[in-house]
Amino acid sequence: MAKRPTWKDSNAPDAKGKFKSLSCGALARWMIKSRKGNVKKIVGSLNQQIVFNRKRNPSYAKKMKCARNKAVRQLRKK
């Protein structure tokens, strides 16, 4: 049987609803700014959102994948 993932709180600033209210691109930009361009923190936060929401809310998980991909692409350009 697979090990179930556990939720981990980050020391990054609280999103205060931004994950749901912002568009994919705007969320990616906010994540880059709030996590000071740390790819590991950005990808970790968004992967956690994807894993915990992929079955209950697939459209939200898809948005998080989009934000993750956009953030990584933007950081690679720099």
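Leaving aside its neighbours within four places in sequence, which residues is lysine 20 in contact with? After that, please look closely at helix α2: which of its residues are buried?

Reply: The model is a predicted one, in which local features need pLDDT of at least 70 and side-chain atom pairs count only at pLDDT 80 or more, while totals for chains, interfaces and linings use all residues. Residues are numbered from 1 along each chain as its sequence is written, and side-chain values use heavy atoms, with hydrogens and water left out.

Once neighbours within four places are set aside, lysine 20 is in contact (heavy atoms within 4.5 Å) with Tyr60 and Lys63. Lysine 20 and tyrosine 60 are separated by 40 residues in sequence, yet their C-alpha atoms are 7.8 Å apart in space. Lysine 20 belongs to helix α1, residues 18–21, where a helix is a DSSP run of H or I with at least four residues, a strand is a run of E with at least two, and the numbering starts at the N terminus. Its relative accessibility is 63%, so lysine 20 counts as exposed; exposed means over 50% relative accessible area, buried under 20%, and partly exposed in between, with a 1.4 Å probe and protein chains only.

Helix α2 is mostly covered, with nine of its 11 residues buried. Those buried residues are Cys24, Gly25, Ala26, Leu27, Ala28, Trp30, Met31, Ile32 and Ser34, and they pack against α1, α3 and α4.

Consider first how α2 meets α3. The two helices pack at an angle of about 135°, and their axes lie 9 Å apart; an axis is a line fitted to C-alpha atoms, for helices over the stretch in contact, and the angle, from 0 to 180 degrees, is taken between N-to-C directions. From α2, Leu27, Met31 and Ile32 meet Ile42, Ser45 and Leu46 of α3. Isoleucine 42, not counting residues up to four places away in sequence, touches Met31, Ile32, Arg35, Gly37, Ala71 and Leu75.

Turning to α4, its axis and that of α2 come within 8 Å and cross at roughly 55°. On the α2 side this contact is made by Cys24, Gly25, Leu27, Ala28, Arg29 and Ile32, while α4 contributes a list that includes Lys63, Met64, Ala71 and Leu75. Lys63, as noted above, is also in contact with lysine 20.

α2 is followed by lysine 36, which sits in the loop between α2 and α3. Although lysine 36 is not a glycine, its phi is positive, at about 50°. Lysine 36 counts as exposed because its relative accessibility is 77%, whereas α2 itself is mostly covered.
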